Amino acid sequence: GNHRWLPRTLPPCTALLLSVLDGPLQEAAASRFPDAVLVGLPALSDEDGGRLLDAMLLAGQALAVQRQRRLTPDQRRTVLDAFAQDGRPLYLVLAAGLARDWHAWEHPDALPPSVEGLVALTVARLRARHGSLIAKRTLDYLCASRYGMSDMELRDLLWQDPESRADFEQRKHANQPDVDALPPVIWSRLHVDLATWLTDQSLDGILLHRFFHRIIGEEIARGTLGDDAQCIHQRLADYFGRQPLRLPTDSGTRPNLRRLFEEPWQRILAGELDIAEARLTDFAFVMAKCEADAVEDLLDDYRRLASALQEQGQTPSEHLREWTDFMVRNAHYLHRGTPVWPAHKILLQLAVEDADDSALTQAAEAWLDQGHCDWIWLRNKHRRREKGHNPLLAVLEGHTDNVKGALLMPDGRILSWSQDTTL
């Protein structure tokens, strides 16, 4: 739902096709692109829905397995009768995932007439088949994660989770030997039944599972996650917070992206704002995130923390404000990082030059004292003693020559014109 990265004006011969559901996202997209042509998509007809259902089943696409499937005429009619009340292709994908378990001799009950109802029915079946708490916690962690969860992460979290572990101990066979981790087969069986809902993406060389459609996550958040959301975010924050900040490589170490992207996000959602502040004012953490080329995400971390503090009626500490102001003020330098002079090296140079009483300068020098730096940096012998007040809020880039003027537009944008003949 975040399309801030999209330019408001597209280059010549470029077209953008954006698919969104009705509601806040559609309104946000229309506001950002007021000249866009909005085309409403009608519900699929019964005939089109039938062809799509047959194609998905024969291709195995809806089942997320390499297996073809055919429904009996009665079963096919059951799916299409319910689909006629919804009309969205997503309904057919979810319904086909349920229909894969029907035996040829079965006459299934009527399906719920909405995507939301199908999600609730599938959750109930998962909990009955795999254990109420193990299935619930798996869905909770998938829903609460930022970018998804890997097989090993889910197994670790389910084993460390006291409720799901107790569920496993209660359901295991009497002759099951003692184990010190969740058996892989427990997650493998559940993954097969969840496959219709999931898509995979790679981050930091790790294959992550996440819900392929926003509606599924929203229904899980409203249903199984519910009042447990803060607890789940806290467990995820603790899980990623225990991981090392850097991981070993053949030539040294590299930033641990899973921790860098997940921990601040989870701390804020868990309401652990003091710990989130500690992370975002930890020079080693900030350096690692800049080294990971995640400057913009780091700035978003500061914004999210400020917003969460405001929602709780709190004022950001002077320490946090100083760090936030410094990062925002110097973001345009950090964005200019290159392979030879990357963002984290730029950050170090900026920090040690700030001021004697600057929190960033003091943090950078403490980091240097630990012997982490293996590159050449410059010390300013005439560094100012007091940081003072800097009125600069941010630097906007784009023009290549002198800016002749600027005008604040009613929609909040700034129109500027330059000697380079561009607006």
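Me: Taking axes as lines fitted to C-alpha atoms, for helices over the stretch in contact, and angles as running from 0 to 180 degrees between N-to-C directions, at what angle do α5 and α6 pack?
Reply: Helix α5 (residues 115-130) and helix α6 (residues 132-144) pack at about 130 degrees, and their axes lie 6 Å apart. This is a predicted model, in which local features need pLDDT of at least 70 and side-chain atom pairs count only at pLDDT 80 or more, while totals for chains, interfaces and linings use all residues. Residues are numbered from 1 along each chain as its sequence is written, and side-chain values use heavy atoms, with hydrogens and water left out.

Me: Which residues make that contact?
Reply: From α5 the contact (heavy atoms within 4.5 Å) uses V123, L126, R127 and H130, and from α6 it uses S132, I134, A135, K136 and L139.

Me: OK, switching to the core: how many residues are in the largest nonpolar one?
Reply: That core has 52 residues, and the ones with the most contacts inside it are L111, L194, W197, F211 and I220. A nonpolar core here is a set of buried Ala, Val, Leu, Ile, Met, Phe, Trp, Tyr and Cys residues joined through side-chain atoms within 4.5 Å, where buried means under 20% relative accessible area with a 1.4 Å probe, counting protein chains only.

Me: Which helix gives the largest share?
Reply: Helix α4 (residues 89-99) does, contributing nine residues to this core.

Me: And what does I220 touch, sequence neighbours aside?
Reply: Once neighbours within four places in sequence are set aside, I220 is in contact with V119, V123, L139, C143, W197, F211, L225 and G226. V123 of α5 and L139 of α6 also belong to the contact between those two helices.

Me: Where is the rest of α10 buried, and what covers it?
Reply: In helix α10, which is residues 214-225, the buried residues are I215, I216, G217, E219, I220, T224 and L225. Their cover includes α4, α5 and α6, along with strand β2 (206-211) and helix α11 (229-241). After α10 comes G226, whose phi is positive, near 45 degrees.

Me: What about a second core?
Reply: A separate core of 35 residues includes L334, L347, W367 and L368.

Me: Zooming out, how many helices and strands does the protein have?
Reply: The protein has 19 helices and six strands, and its C-alpha trace spans about 85 × 60 × 45 Å along the principal axes. Of its 423 residues, 43% are buried. Among contacts between residues at least 6 apart in sequence, 63% join residues at least 24 apart.

Methods. Helix = DSSP H or I, 4+ residues; strand = E, 2+ residues; numbered from the N terminus. Buried < 20%, exposed > 50% of the residue type's maximum accessible area, 1.4 Å probe, protein only.
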